[in-house]
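Welcome! Here is a friendly walk through a protein model, meant for someone seeing it for the first time.

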Amino acid sequence: MTSRIPRDSRLRLVRPRPLAAAPRAVNQRRPRRPAPRPPEGTPAPAELAGMARTVLAGAVRVARWADAALGPGRDAATTDGKAALSDATAERAAADLGLSPAQVRADWDTARLAGLVEVHGDSARPGWRLRAWDRDDSAVLRGWVALFDAWSLASPEPDGHEPAAVAEVVSAMPQVLSFLQLSAGPVPVEQLLDLLQQRVTELRTERCEVVYEPGPGEPAPTPSPAAPPPATGAPLAPLLDWALRALASVGALTYGDGQATLTPLGSWAVWVKLEQICVAAQSPAGNIEQSAEDMLRGCAQLRPNAARAEYRAWLAARPVGSAVAELIGAARGDDALLRGLAFEALRVVGAPAEPDVRAVVDEPALRPYALLWLAEHDGVDPEDAHEVLTREEATWLWVDTAAAVADHGEAPMLVRHLESAVQPTVPQLLDEVRAVGHPRTVQVLVALAAAHPDPALAKAVRRAAFQVHTGG
């Protein structure tokens, strides 16, 4: 018998679909929440972007100097690969820009926190936001928000305070900022200190940090040498002063004469984050309270824009470092859909996630996703990012995405997934799919054979699945 179609039927080549394509197959329409309006008196986005450009003018100047003076084939930015400017580079920048070396270092650190410059090893290169700085207001605002999120890194921590006490104040400051935003005007520092003390007490209570007092005749407990001393007696006034000065240094508030006031930029940023949290709290799954894996499963039913809003709200409620680690942990699981969604959430994180993403490039299951993430982070057009993958890596990703479609999508979508393969013919695709050794190869081929309407092609796919299963 002969097939109704040639055995080497050509696949129609199209650009690879986004990695989050699988969720669209199970999307359900939800009533759209009206777009929230910022509080009355909030400047327009263009005006806010102008304020952000003013705050970051020094960082942009140093970043542009680094773009021209440092990088591959030029002088090194650092001597130890730790992103801090070497003494020679700082002095050279100071001479070129007419600044002091200390100001250059401060502007350099701000540029890194805002994603205007990136350091890789001992070389520096401009971030994508720097390229779009003069023409894209949204890129400017995202850069400033990245700096705002990293306010605790913008100023050195005060000496003589336990790390646990500093961490408590950092965790409590969102409530302080929310109070400032609701007050819409100057607030005495004494009032903010009372609020901070209440919130720190709540955090300690949530951790069940209760001091044990031995009864009569009982020996006092001996603290473990490895356990840090409790931070319950740490004075908070100096730490609040540090936090307010750090937030003032990034342009989020003004601080002086015993009171603090949010700037228009700071008020807008706090409102945005509160709105993100409200959106997540209204979701059926309550994603903001979930683990990364459960949050991603909840977002699998949402449209891309709604899912990104959920990612932002979930991230806003957590320290960036632990959130990124949790997302990568979810990506290492067995569910290919969660793997793709985890990297979509990491795209929302942006520059702070780069070291962790770069660290998993050598893990076979995560390598294609990490390479695509890094390419897009470096400014490659998402439509062209797949070109950074080798043929084998692209094939592995094709199988992994097919596994996500098979587990969570519909049969027609799995058939359409053939079109995104890099191989020009079905036989070549099957040969290379068998060669990459993806653990879900058999299940993917069996599902594809069951879904495909052409009997001859389905038979060839079933044969390939049998051969993989038997090691033939």
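This is a predicted model: local features need pLDDT of at least 70, side-chain atom pairs count only at pLDDT 80 or more; totals for chains, interfaces and linings use all residues.

Helices here are DSSP runs of H or I with at least four residues, strands are runs of E with at least two, and both are numbered from the N terminus.

**A loop residue to start with**

Is Asp335 buried or exposed? Its relative accessible area is 13%, and buried means under 20%, so Asp335 is buried. The side chain of Asp335 makes a polar contact with the side chain of Arg297, at 3.0 Å. Setting aside neighbours within four places in sequence, Asp335 is in contact with Arg297 and His408.

**The overall picture**

Stepping back, the protein has 23 helices and five strands. Of its 472 residues, 44% are buried. Among contacts with a separation of 6 or more, 68% are between residues 24 or more positions apart.

**Helix 21 and its surroundings**

Helix 21 covers residues 426-436, and its buried residues are Val426, Leu429, Leu430, Val433 and Val436. Viewed down the axis of helix 21, these buried residues fall within an arc of 130°, so they line one face of the helix.

What do the buried residues of helix 21 pack against? Their partners are helix 19 (391-408), helix 22 (441-451) and helix 23 (455-470). At the start of helix 21, a side-chain oxygen of Thr425 comes to within 3.3 Å of the backbone nitrogen of Gln428. Just after helix 21, Gly437 has a positive phi of about 75°.

Helix 23 holds Arg463, which counts as partly exposed at 38% relative accessibility. Arg463 and Leu445 are 18 residues apart in sequence, and their C-alpha atoms are 9.1 Å apart in space.

**Two helix pairs**

Two packed helices are described by the angle between their axes and the distance between the axes. The table gives these values for two pairs.

| Helix pair | Angle | Axis distance |
|---|---|---|
| Helix 9 (163-183) and helix 10 (189-206) | about 130° | 9 Å |
| Helix 19 and helix 22 | about 60° | 9 Å |

Helix 19 and helix 22 are therefore oblique to each other, and their crossing is left-handed. Trp398, Val399, Ala402, Ala403 and Ala406 of helix 19 make the contact with Thr441, Val444, Ala447 and Leu448 of helix 22.

Helix 9 and helix 10 are likewise oblique to each other, but the crossing of this pair is right-handed. Residues of helix 9 that take part include Glu168, Met173 and Phe179, and they belong to a group meeting residues of helix 10, among them Leu192, Arg199 and Leu203.

**Two residues with positive phi**

Most residues other than glycine have a negative phi. Ala184 has a positive phi of about 55° although it is not a glycine. Ala184 lies in the loop between helix 9 and strand 3 (187-188), and at 68% relative accessibility it counts as exposed. Asp257 also has a positive phi of about 55° without being a glycine. The loop between strand 4 (253-256) and strand 5 (259-262) is where Asp257 is found, and Asp257 counts as exposed at 80% relative accessibility.

Note on methods:
Residues are numbered from 1 along each chain as its sequence is written. Side-chain values use heavy atoms; hydrogens and water are left out. Buried means under 20% relative accessible area, exposed over 50%, partly exposed in between (1.4 Å probe, protein chains only). The arc is that of the directions from the helix axis to the C-beta atoms. Contact means heavy atoms within 4.5 Å. A polar contact is a pair of N or O atoms within 3.5 Å; within protein, one must be able to donate a hydrogen and the other to accept it, and residues adjacent in sequence count only if both atoms are side-chain atoms. Axes are lines fitted to C-alpha atoms, for helices over the stretch in contact, and angles run from 0 to 180 degrees between N-to-C directions. Angles under 35 degrees count as roughly parallel, over 145 as roughly antiparallel, 65 to 115 as roughly perpendicular and the rest as oblique. A crossing is left-handed if the near helix is turned anticlockwise from the far one by less than a right angle, and right-handed if clockwise.
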